[in-house]
Amino acid sequence: LVLLVPELTFLTGLSDLRKNSRMLKEVMWEMIQSPQQHYQRLTSLLRRIRDSPDASRELERWGLRLDTDIYRTQGHILPVERINLRHRSFLPAEDVGWHREVTKEVPIAVISINSWLLVYPKRLQHVAKDLLGAMRSSCGAMGIQVGQPTVQELRDDRIESYVRSIQSSLGSQDKVQLLLCIIPSGRDDVYGAIKKLCCVQTPVPSQVINAQSLTGHPGKIRSVVQKVLLQINCKLGGQLWGVDIPLKQLRVVGMEIIPKSHFFSPLQKQLRVVGMDIIPKSHFFSPLQKQLRVVGMEIIPKSHFFSPLQKQLMVVGMDIHHSRSPGMRSVIGFVASMNQYVASWERGGRCVFLLCPGNLQDIPPPNPLPWPGRGQDFFLLAHHSRQGCSVPTRYICMWNTANLSSEHLQRLTFKLCHLYWNWPGTVRVPAPCKYAHKLAFLVGQVLHHEPSAHLSEQLFFL
């Protein structure tokens, strides 16, 4: 029993921030600052500490001294990566994005949607009609064939109605490629029930769309539907785009741990592993691995380095089983557990600025910076920030017996930041880590059960 003295406690946080648009705007205005504003605030703080007798004495007692200016180092800009679609390649724009190209060009690999199920409540009939119309008008440019769905119109939007209808439809048809459901806005309970059914009990790729996202002007609906079609293509096994990676026999593994409080067993943590083979096409696998916590140590079992195809792996410099599998050159593991990975990453609050004559500017991607005194460690800014300052990601190279040079490690890391198919642009960290995070969130926050093994080689969690 914990007793709190009211006079000694106070409320923290901003629980009602989202409801107050004005307060939210003011908070964001303070958080999103230009490089020059960051620099001025930081140097002002340093001067205040220097001019404070108490602070100066405390620093002297510890034998510390603060510089009155920011640290300066020299970085370099990596070459821009070429984005490959099926029929053409191109260099991305300055914002490192290719939204326009992916909606008007054919992806690398396309899966036709022939046998699929559409479920929605009767009161959202007009939304379903608009959705089907937008899918038919958008799919041609992307080379995706969309057949006529089997439609299940529900009398109401209760969870039981969705579950019974889906179970009945999946049981009466031989093979359903995809389940697409339209749900009312604000119904997280319906979303969770559908995902549990389709990811655990009756495994089938599923797409759940909030009805609110399909309302508005036709241009907005078309944009949403284009993203949905690309996402569905990924879930069915298609590939959207790629980059040139010379290491063809390469496996990249991203990992993230689900806290035990978010899962079904109080005694175990769960390690989510998403692997990506480049041999030469991208192939994914996402087995669930159990993990025990012992005296503060994270114990990752050897078994998580085996795909469902039983290929033996090697994590750059760390031989898991003292041998290499035929045709597999090397593996790079990215562990998104506790904010670090192998060639490892850390989400830090460090802002890096480009020093120009008479001014500070946000640095453009891709820009790796060395980490002094740490061998091949580096910071990398792989993404474009539309507002405020870009925050780079720190990478810690723990093993490198493959003898990749610093430049090759940086370039390979940057290439992998292009391959997150949920976003037509670069992301902050390598794609397998984003996939592992997405999978961990779905399992830990929604499913609370182990997903079916039938889906382990599909990006069903996008």
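Student: Which residues of H2 are buried?

Tutor: The model is a predicted one. Buried here requires under 20% relative accessible area. In H2 the buried residues are Pro 35, Thr 43 and Leu 46.

Student: Why do the buried residues of H2 line one face of the helix?

Tutor: The view to take is the one down the axis of H2. The buried residues line one face because, in that view, they fall within an arc of 55 degrees.

Student: Which exposed residues does the face of H2 turned away from its buried side carry?

Tutor: Exposed requires over 50% relative accessible area. On the face of H2 turned away from the buried side, the exposed residues are Arg 48 and Asp 51.

Student: Which are the edge strands of the open sheet of four strands?

Tutor: The strand order is E4-E3-E5-E6, with parallel pairing. An edge strand here pairs on one side only. The edge strands are therefore E4 (150–154) and E6 (206–210).

Student: Which residue in E6 does Cys 181 stand opposite?

Tutor: Strand E5 covers residues 178–183 and pairs with E6 in the parallel sense over five bridges. The residue of E6 opposite Cys 181 is Val 208.

Student: At about what angle to E6 does helix H8 run?

Tutor: Helix H5 (residues 125–139) lies across E3, E4, E5 and E6, and runs at about 150 degrees to E3. Helix H8 (residues 218–235) lies across E5 and E6. The angle of H8 to E6 is about 160 degrees.

How values were computed
Residues are numbered from 1 along each chain as its sequence is written. This is a predicted model: local features need pLDDT of at least 70, side-chain atom pairs count only at pLDDT 80 or more; totals for chains, interfaces and linings use all residues. Side-chain values use heavy atoms; hydrogens and water are left out. Buried means under 20% relative accessible area, exposed over 50%, partly exposed in between (1.4 Å probe, protein chains only). Helices (H or I, at least four residues) and strands (E, at least two) are DSSP runs, numbered from the N terminus. The arc is that of the directions from the helix axis to the C-beta atoms. Two strands pair if DSSP finds at least two bridges between them. Contact means heavy atoms within 4.5 Å. Axes are lines fitted to C-alpha atoms, for helices over the stretch in contact, and angles run from 0 to 180 degrees between N-to-C directions.
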